[in-house]
Amino acid sequence: MLTPDERLALEEKVITMLKTVYDPEIPVDIYSLGLIYNIDIDDDANLKIDMTLTAPNCPAADFIVEDARIKLESIEGLKSVEIRIVFEPEWNKDMMSDEAKLDLGFM
């Protein structure tokens with residue numbers, strides 16, 4: 001069973017790793033783009049992530065999800081990784097971090 005400190009440390013590693021995953025068409029990571037809706041690590045260190053895409057028909061969807069899965073599975077201490085693609089709420093550019101908006105010229 002994870003302690004609160006262990007859970008927090010794992011969550012920080014997950015976020016750090018998600019910041020290395022990019023949509024090949026956009027030069028900003030998926031976390032800063034606001035594509036990650038939920039990160040849940042249970043008591044047994046199983047990770048579940050709800051994420052979306054910038055568009056439902058994103059041609060790079062499989063690549064992005066697989067890249068995220070491979071990178072997240074490399075985090076020591078996690079037992080399993082499940083990534084769910086959701087489209088509610090629908091993504092929009094207001095979900096991006098200020099840094100991402102600046103990088104993409106929206107500010």
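How many residues apart are R69 and E66 in helix α2? In this predicted model, R69 and E66 lie three residues apart in helix α2, which spans residues 61–73, and are therefore separated by about one helical turn. Their side chains meet in a salt bridge, with an N to O distance of 3.5 Å. Both partners fall in the intermediate class of accessibility: R69 is partly exposed at 23% relative accessibility, and E66 is likewise partly exposed, with a relative accessible area of 38%.

Helix α2 also holds the pair K71 and D67. The side chains of K71 and D67 form a salt bridge at 3.5 Å, N to O. Because K71 and D67 are four residues apart in this helix, about one helical turn separates them. Their accessibilities fall into two classes, since K71 at 23% counts as partly exposed, whereas D67 at 18% counts as buried. The assignment of D67 follows from the cut-off, because buried denotes a relative accessible area under 20%.

The side chains of D50 and R84 meet with an N to O distance of 2.8 Å. This pair links distant parts of the chain: D50 belongs to strand β2 (residues 46–51) and R84 to strand β3 (residues 80–85), at a separation of 34 residues. D50 is buried, its relative accessible area being 16%, while R84 is partly exposed at 42% relative accessibility. In total, four salt bridges are counted in the model, among them the pairs D50 and R84, R69 and E66, and K71 and D67.

Two features of the backbone were also examined. Most residues other than glycine have a negative phi, and most peptide bonds are trans. A45 has a phi near 70°, a positive value in a residue other than glycine. A45 is placed in the loop between β1 (36–41) and β2. With a relative accessible area of 4%, A45 is buried.

P89 is found in the loop between β3 and α3 (98–103).

Key:
Residues are numbered from 1 along each chain as its sequence is written. This is a predicted model: local features need pLDDT of at least 70, side-chain atom pairs count only at pLDDT 80 or more; totals for chains, interfaces and linings use all residues. Side-chain values use heavy atoms; hydrogens and water are left out. Helices (H or I, at least four residues) and strands (E, at least two) are DSSP runs, numbered from the N terminus. Buried means under 20% relative accessible area, exposed over 50%, partly exposed in between (1.4 Å probe, protein chains only).
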